[in-house]
Amino acid sequence: MIKVALDVMGGDHAPQAVIEGGLLALAELADLHISFVGPQAVLGKYLDSNKYDQKRAALIQAEEIVADDEAPVLAVRRKKKSSMMVALQMLREKKVDAVVSAGNTGALMAGSILLTGRVKGIERPALTIVLPTFEGGNVVLLDVGANMDAKAEHLLHYAIMGKIYAQKVLGKAAARVGLLNVGSEEIKGNEQVKKAYQLLKEKLPGFTGNVEARYVLAGAADVIVCDGFVGNILLKTLEGLVAGLFGSLKEAMMADLKGKVAASLLRPELSKLKASLDYTEYGGAPLLGAAGVCIKAHGSSNARAIRSAIVNQAYQYARQNVNELIERELSALFTD
């Protein structure tokens, strides 16, 4: 049985969408147990009216809430009775195998590291996201915001973690790893990236070289490595671009009768394209390198996205013992 603690008060659409997503996951996986963590009155209001297997669910009282604008470290220290910190404490005490939250990203990362520690050999955990590609596949991108500054050695660690994650969670047996850079040539980039290139080339089987940003969604690699500053900018650029393109397309097609007719004819194909670029399919971003399995769901997650964060991320991550594999790989790499 895989046990997940769900922070029901995190996210823009909490608690209803979060609880509904948890119930969807429970209905889908027979060997899943979910601890719904939040104020008892809220849990009762939304869960009492739903049918679910009560033997595979627990309602855990947590009266406080971590706001999105709270300072991460202060939230960890002062909000110990919050839904997020109670869930992380359960992870620390090994009462659950994973935590899922759509709440304050900084507080979740700080709480995860302070309460559960880091995987042995990892200095800087990385926030990781799975992006859909235009060819219908997906690509793992890390780091997307955990660490704004990273040494070349950290990028090597990210590559190792990302590769194991891609293999075990996403089923990519021969995961190809690329280094995000301004050009494909080995001599391109700043000192950090050039040094990282040599480390990856020397120590990581499956390293395919540098990848330019324009090829990230074209399937150039299965795993793309960069520091958190670059990764976060890339991620938010892609999110804004996709949202803007579909918004502009809809506006243009609704402008006149001819456009509306075309829209009705193209709707099935456009729906498929939009679905293929939908982040809710993957649901959340794991904090790779944290000793506990911690999944950060998107702040705007709906019920489907929360379900995906649990089913596609937390459940698979814990079931495949990804952290143990990362620790073993690092130990072998630096022992040789």
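A word on terms before I begin: when I say helix, I mean a DSSP run of type H or I with at least four residues, and the helices are numbered from the N terminus. Please also keep in mind that this is a predicted model.

With that in place, let me take helix H5, which is followed by Gly-117, a residue whose phi is positive, near 80°. At the other end, the N-terminal one, H5 is capped by Asn-104, a side-chain oxygen of which lies 3.1 Å from the backbone nitrogen of Gly-106. Between its first C-alpha and its last, this helix of 12 residues reaches 16 Å, which is close to the 16 Å expected at 1.5 Å a residue. The buried residues in H5 are Ala-107, Leu-108, Met-109, Ala-110, Gly-111, Ser-112, Leu-115 and Thr-116, and what covers them includes helices H3 and H4 together with strands E4, E5, E10 and E11.

Now to the second largest pocket, whose volume is about 530 Å³. Its lining has 26 residues, and those nearest the centre are Thr-105, Leu-127, Leu-235, Lys-296 and His-298. Two or more lining residues come from each of H5, E5, H8, E10 and E11, and H8 gives the most, with four. Which kinds of residue make up the lining of this pocket? They divide into 11 nonpolar, 10 polar and five charged.

Is Asn-323 buried or exposed? Asn-323 counts as buried, because its relative accessible area is 12% and the cut-off for buried is under 20%. Its side chain reaches the backbone oxygen of Ala-290 at 3.1 Å, and, leaving aside residues up to four places away in sequence, Asn-323 touches Val-119, Ala-290, Ala-291, Gly-292, Val-293 and Tyr-317.

The other residue is Lys-168, found in helix H6, residues 152-168. Lys-168 counts as partly exposed because its relative accessibility is 37%, which falls between the 20% limit for buried and the 50% limit for exposed. Although 151 residues separate Lys-168 from Arg-319 in sequence, the two are 9.4 Å apart in space, C-alpha to C-alpha. With residues up to four places away in sequence again left out, Lys-168 touches Gln-320, Val-322 and Leu-325.

Note on methods:
Residues are numbered from 1 along each chain as its sequence is written. This is a predicted model: local features need pLDDT of at least 70, side-chain atom pairs count only at pLDDT 80 or more; totals for chains, interfaces and linings use all residues. Side-chain values use heavy atoms; hydrogens and water are left out. Buried means under 20% relative accessible area, exposed over 50%, partly exposed in between (1.4 Å probe, protein chains only). A polar contact is a pair of N or O atoms within 3.5 Å; within protein, one must be able to donate a hydrogen and the other to accept it, and residues adjacent in sequence count only if both atoms are side-chain atoms. Contact means heavy atoms within 4.5 Å. On a 1 Å grid over the protein atoms alone, a cavity is a set of points where a 1.4 Å probe fits but cannot get out, and a pocket is an open set with protein on both sides within 12 Å along at least five of seven lines; lining residues have an atom within 4 Å of a point. Grid points are joined across faces, edges and corners, and a volume is the space filled by probe spheres set on the points. Ala, Val, Leu, Ile, Met, Phe, Trp, Tyr, Cys and Pro count as nonpolar, Asp, Glu, Lys and Arg as charged, and the others, Gly among them, as polar. The expected span of a helix is 1.5 Å times one less than its number of residues.
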